[in-house]
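Me: I have a structure open and would like to talk it through with you, starting with the overall layout and then going into the details. Could you take my questions as they come?

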Amino acid sequence: MADRESFLKTLRRLGGPSFLIEDKSLKVYVDPVRLADGLPAADIVLLTRNHPDHCSVEDVMKVARPQTIVAGPADAVCRFRLNQLPLEAGQTKSVLGLPVTAVAAEQGLTYVVEFSGARIEVPGGLCVASTAR
């Protein structure tokens with residue numbers, strides 16, 4: 001998936017700042033809030049900041065399973081009894097084989113995530129760019 005259109009087929013807007021990215025069998029939620037019931041289980045949850053409009057314990061738990069990794073600012077991920085991965089701006093971590101780079105934003109973090117040869121910028125509430133490598 002090295003082009004924008006292919007990536008967009010994996011993107012599912014969930015309302016508000018929330019969306020789901022599915023890459024093969026990997027399910028990545030970003031800022032899950034006000035989620036409907038019946039969504040697939042999360043492998044990874046990326047939180048951009050510790051604010052009720054971006055970090056809802058109730059909604060994360062709707063899609064969480066014991067193996068789910070919650071990544072984001074330390075003050076956000078510490079709210080969960082799941083696998084916590086605190087991230088700071090400038091850090092790059094492999095999360096279940098998915099390279100994730102945290103980037104400083106005005107309010108919290110944004111992320112650059114590498115999906116199948118495409119680098120995707122994932123700011124809170126919106127996915128803006130896909131570039132082929």
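This is a predicted model: local features need pLDDT of at least 70, side-chain atom pairs count only at pLDDT 80 or more; totals for chains, interfaces and linings use all residues.

Me: How many helices and strands does the chain have?
Reply: The chain has three helices and 11 strands. Read from the N terminus, the elements follow the order α-β-β-β-β-α-β-α-β-β-β-β-β-β.

Me: And what share of the residues counts as buried?
Reply: Of the chain's 133 residues, 47% count as buried. As for contacts between residues at least 6 apart in sequence, 36% of them join residues at least 24 apart.

Me: Which strands make up the open sheet, and in what order?
Reply: The open sheet has six strands in the order S1-S2-S3-S4-S5-S6, and the pairing is mixed. S1 (11-15) and S6 (83-86) are the edge strands, each of them pairing on one side only. From one strand to the next, the twist averages 20 degrees.

Me: S3 and S4, parallel or antiparallel?
Reply: S3 and S4 run parallel and are joined by three bridges. Within that pairing, Val28 stands opposite Ile44 of S4.

Me: What's in the loop between S3 and S4?
Reply: Arg34 is one of the residues found there, and its phi is positive, at about 50 degrees, although Arg34 is not a glycine. Arg34 also counts as exposed, with a relative accessibility of 55%. Leu96 is another non-glycine residue with a positive phi, of about 55 degrees, and Leu96 lies in the loop between S7 (92-95) and S8.

Me: How is S10 joined to S9?
Reply: S9 and S10 run antiparallel, and five bridges join them. Glu114 has Arg119 of S10 as its bridge partner, and the side chains of Glu114 and Arg119 also meet in a salt bridge, at 3.0 Å from N to O. Arg119 counts as partly exposed, with a relative accessibility of 36%.

Me: How many salt bridges are there in the whole structure?
Reply: A search of the whole structure finds five. One of them joins the side chains of Lys27 and Glu22, at 3.8 Å from N to O.

Me: Is Lys27 buried or exposed?
Reply: Lys27 counts as buried because its relative accessibility is 18%, and the cut-off for buried is under 20%. Glu22, on the other hand, is partly exposed, with a relative accessible area of 27%.

Me: What does Lys62 form a salt bridge with?
Reply: Its partner is Asp37, and the closest N and O atoms of the two are 3.7 Å apart. Lys62 belongs to helix H2 (residues 57-63) and Asp37 to the loop between S3 and S4, so the pair ties together parts that are 25 residues apart in sequence. Lys62 is partly exposed, with a relative accessible area of 37%, whereas Asp37 is exposed, with 69%.

Me: Which residues are linked with Lys62 in a network of salt bridges?
Reply: Asp37 and Asp59 are linked with Lys62 in that network.

Methods. Residues are numbered from 1 along each chain as its sequence is written. Side-chain values use heavy atoms; hydrogens and water are left out. Two strands pair if DSSP finds at least two bridges between them. Helices (H or I, at least four residues) and strands (E, at least two) are DSSP runs, numbered from the N terminus. A salt bridge is a side-chain nitrogen of Lys or Arg within 4 Å of a carboxyl oxygen of Asp or Glu. Buried means under 20% relative accessible area, exposed over 50%, partly exposed in between (1.4 Å probe, protein chains only). Contact means heavy atoms within 4.5 Å. Axes are lines fitted to C-alpha atoms, for helices over the stretch in contact, and angles run from 0 to 180 degrees between N-to-C directions.
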